[in-house]
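Student: I am new to this structure and would like to understand the words used for it. Could we go through them together?

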There are 2 protein chains.
Amino acid sequence: MLENVDLSLTVKNSEYKESMKILEVKLGALQRKACELKISVIFVFEGWHASGMGEDVNNFILPLDPRGYDFYSMKLECCEDALKPFLLHFWTLAPIRGKIAIFDRSWYSRAIIKHFRKEKSREKLGRCLEEINWLERQLSDDGYLILKFFLHISKKEQEDRLKEIKKKGIPLILNECEKNNGKENGKEFDFIYEYDEYLPIVEKVLEKTDVPYAPWTIVEANDEKFATLKIITTAAQVIEKYIEQETLTPRQQTIEYLDTSISKLPKLNGSILDKVDLSKTIIYKEYEDSKKLFQQKLEILQYELFRRKRFMIIVFEGWDAAGKGGDIHRLVEELDTRLYRVVPVGPPNDTEKAHQYLWRFCERMPEAGHITIFDRSWYGRVLVESVEGLCSEVEWRRAYREINELENIITGTGTIILKFWLQIDKDTQLERFKDRQNDPDKSWKITVDDWRNRSKWNEYRIAVVEMLQRTSTKNAQWTVVESDDKYISRIKILKTVTEALEKELGE
Amino acid sequence: MLENVDLSLTVKNSEYKESMKILEVKLGALQRKACELKISVIFVFEGWHASGMGEDVNNFILPLDPRGYDFYSMKLECCEDALKPFLLHFWTLAPIRGKIAIFDRSWYSRAIIKHFRKEKSREKLGRCLEEINWLERQLSDDGYLILKFFLHISKKEQEDRLKEIKKKGIPLILNECEKNNGKENGKEFDFIYEYDEYLPIVEKVLEKTDVPYAPWTIVEANDEKFATLKIITTAAQVIEKYIEQETLTPRQQTIEYLDTSISKLPKLNGSILDKVDLSKTIIYKEYEDSKKLFQQKLEILQYELFRRKRFMIIVFEGWDAAGKGGDIHRLVEELDTRLYRVVPVGPPNDTEKAHQYLWRFCERMPEAGHITIFDRSWYGRVLVESVEGLCSEVEWRRAYREINELENIITGTGTIILKFWLQIDKDTQLERFKDRQNDPDKSWKITVDDWRNRSKWNEYRIAVVEMLQRTSTKNAQWTVVESDDKYISRIKILKTVTEALEKELGE
């Protein structure tokens, strides 16, 4: 993509000033209109070092209303960052509806630094670019407008500018983390000067990620004024077009989803849930002994997980009153409070609602060495939100794929994911609802929501079966837990977690 | 406080089980009631290493509803943390109304590690304890209930337990940051074994911070069961008492504020604002030259600030249409986008409203080496919130002291704070309002709020004068900027910022 770029393009000073006057007003007006329509825009700036990105970006943001955008300047990876898949970090920076986010270097620079400069692995870089495409498509499908600029200069121009910058003593890369200091005595940044080595990599990155829902604009940046004008003009045009679309026709999905008709779903009889044997029981003594045994094993395994800096995510989903709380209680009873965290998931708050639905989970993922237990999870999208019509059919059908992508990104960094579906029969639920209502210490647990959900048992059942089928992937299997007998349920969970850890940590 | 503690206290197993059954139900019920009344509770756990804190804390949180609390496990300082006053980090962790926050080691451990173990400075530790008292008092005044537990064991008991823990291979301190790894070959943690050296320090910390609004409870922890029971019993009693207070009488301030009667305020004539000469003007050529000169100086100074890892905060307050936006525009025009950030401050959102008013500013403070510009700020508390009655008189009168404390904490770590009040006269404002309304590109800038504020000019004027007097402190002075002439205003700001940087960075 960088071959036929005409780097000799320039613009006269008088022409620049006149155009800017018009464009600044236009851009401001478009920003207010986009905000009004709740359109979120993401601007990504990438480019060669010394391409003048700083100045161009500043020229771009000065006409904007600061209340309407967030600005992020990419930093080198710090110790804490290294503990999570870095894409999750950027995911959490997606703006709320109606706001703009501007990235002065972004996931692209991070991907290149991490996988090419440090690890010298084209394969890992390729995989990472794929994940980036997933993220950008998910955001685009959720209504985000994504614009990416690459500031291109020639090798000769870069050499000249680097000399100038060195003379002035301006730091090329801001180094905030002590880890990066000294360790390699400044050699860390030699790559800045390796134009020829990086050219094919940059080409590859641009090609692989130049997608219709998030296209690249190559900016000829030998002349700063020309670059500024091109950036602002492009941004204004694209936003204007998007606003027109929004106000004329309903939003179109970037991707078509096939095989979505109800008729293609598996028949209810013969589904995975029918094969669950809910009649199993266990005597108390046996339960107590098994519980103690597995809890002791887990107590030791958690420290091994920590030493190896592995992550673990445990998802609990199930019918109301299936015993999630009690199961989680026994699971964590003997764990180290510093190493596990229980994340209860309820309806999203206003800020969460103003983002794509996976946003709120990204920052709650465990750090390396830790266990995070989700009491309900992102699967709410295809359960309650789908059944209660809180999102559209297109949205929840798309969610299977989106969820698989997110879990794929997470397991890609060595995270162990276990997903439990707690299965009870309808009579057992009724019995437990009544017990709770009659016990003054527990009656607060029963709400009208529970009864409403119960009345939609069959709809939920269809949703559950589809979820279990579509989101059981190689590294993120569902385990259906027979939970009519609470002891059976607790032991199965303790056993599954223990065995998964033993297998992964390979005793 | 640790002298007369009877560490021989124990409890029988049967007694423990029976008491726990009652206490668990009680604690759960109290949690729900506190949540209903929007009471926020902060539990701090500190104690000797190997005091069994992990187990006790786990026993304490298991009966609680996970939806109602946040749990924080203190970590060693990582590179990124080192860039900000650490107390701000904990400030941002204060729970929203109706929620509980539990700290498994807290600002106390951080203070001791930072100022005593690393810097060996009793003086800095003392100063830090004072700051901690400020934070806790501010939260208490805002309605937070703060409970602090210190788990005490004898030296003999600690020695025995440490042997046991070492045998089992359990990590005493979780080390997540690479920076802490290897560097001192594990010697970092030797302090864990230095009971005798730390005893007087712990004593001092407990004494200095055992305040009525956030008292310490010493927990005899040689016996784990006894410790658990004491913690839960104390917690239940204190919450119950607080709930009773809340439901019986209006909340009482922990501190009395004197000299607050209106009569003691300075008379309007002779106030600082009257001495401002708004008639100054400057010719365009002179303005352009000065602007260029200061912008060039600032461009160089910002990198020096970055190299020295100093912080800079610039606060803009002023009458509507006084020209804040334009002033900020010229200030940042030639700055490096990676080094500055403009934070526009509007009305708080729901989450922000559910916290103490300073909460939302804590995480927006600059990192070391960076400049943060606040377009309006925490001074809204004593301006718009005070004049419009959005908070009570007690609250905004208390705010002068609270703001001075926060700024004191910030400047204590080498931050340069500049505060600008943009002064215009009433006629100039009217002229500018009309100009804006008549310009189609600017009419969106004028809202009914602006006219409403204008109608309360005199009330605002009183508030401004009081603010300027009460919050001009040694290291955080206000600069009143004559802004009837926009050029004068811009140059004064550029000049003040440049000179402050030159002075602080000592050319």
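Tutor: Gladly! This is a predicted model. Let us start with two strands of chain B: β6 (residues 311–318) and β8 (residues 371–375).

Student: What makes β6 and β8 of chain B a pair?

Tutor: Two strands pair if there are at least two bridges between them. Strands β6 and β8 of chain B have five bridges, in the parallel sense, so they meet that cut-off. One bridge joins Ile314(B) to its partner Ile373(B) in β8(B).

Student: Which helices pack on the sheet, and what do they touch?

Tutor: Helix α14 (residues 393–411) of chain B touches β6 and β9 (415–423) of chain B, and its direction makes about 135° with that of β9(B). Helix α17 (residues 457–470) of chain B touches β9 and β10 of chain B, and its direction makes about 155° with that of β9(B).

Student: In which order do the strands of the sheet lie, and which are the edge strands?

Tutor: The order is β7-β8-β6-β9-β10 in chain B, five strands with parallel pairing that form an open sheet. The edge strands of chain B are β7 (340–344) and β10 (478–482), as each pairs on one side only. Neighbouring strands are turned by 20° against each other on average, direction ignored.

Student: How do you know how chains A and B are related?

Tutor: Chain A superposes on chain B by a rotation of 180° with 0.0 Å of shift along its axis, at an RMSD of 0.0 Å. The two copies are therefore related as by a two-fold rotation axis.

Student: Why do we say the copies meet through the same surface?

Tutor: Because 100% of the interface residues of chain A are also interface residues in chain B.

Note on methods. Residues are numbered from 1 along each chain as its sequence is written. Chains are lettered from A and ligands numbered from 1 in the order in which they are written. This is a predicted model: local features need pLDDT of at least 70, side-chain atom pairs count only at pLDDT 80 or more; totals for chains, interfaces and linings use all residues. Side-chain values use heavy atoms; hydrogens and water are left out. Helices (H or I, at least four residues) and strands (E, at least two) are DSSP runs, numbered from the N terminus. Axes are lines fitted to C-alpha atoms, for helices over the stretch in contact, and angles run from 0 to 180 degrees between N-to-C directions. Contact means heavy atoms within 4.5 Å. Copies are superposed by least squares on the C-alpha atoms of residues with pLDDT of at least 70 in both.
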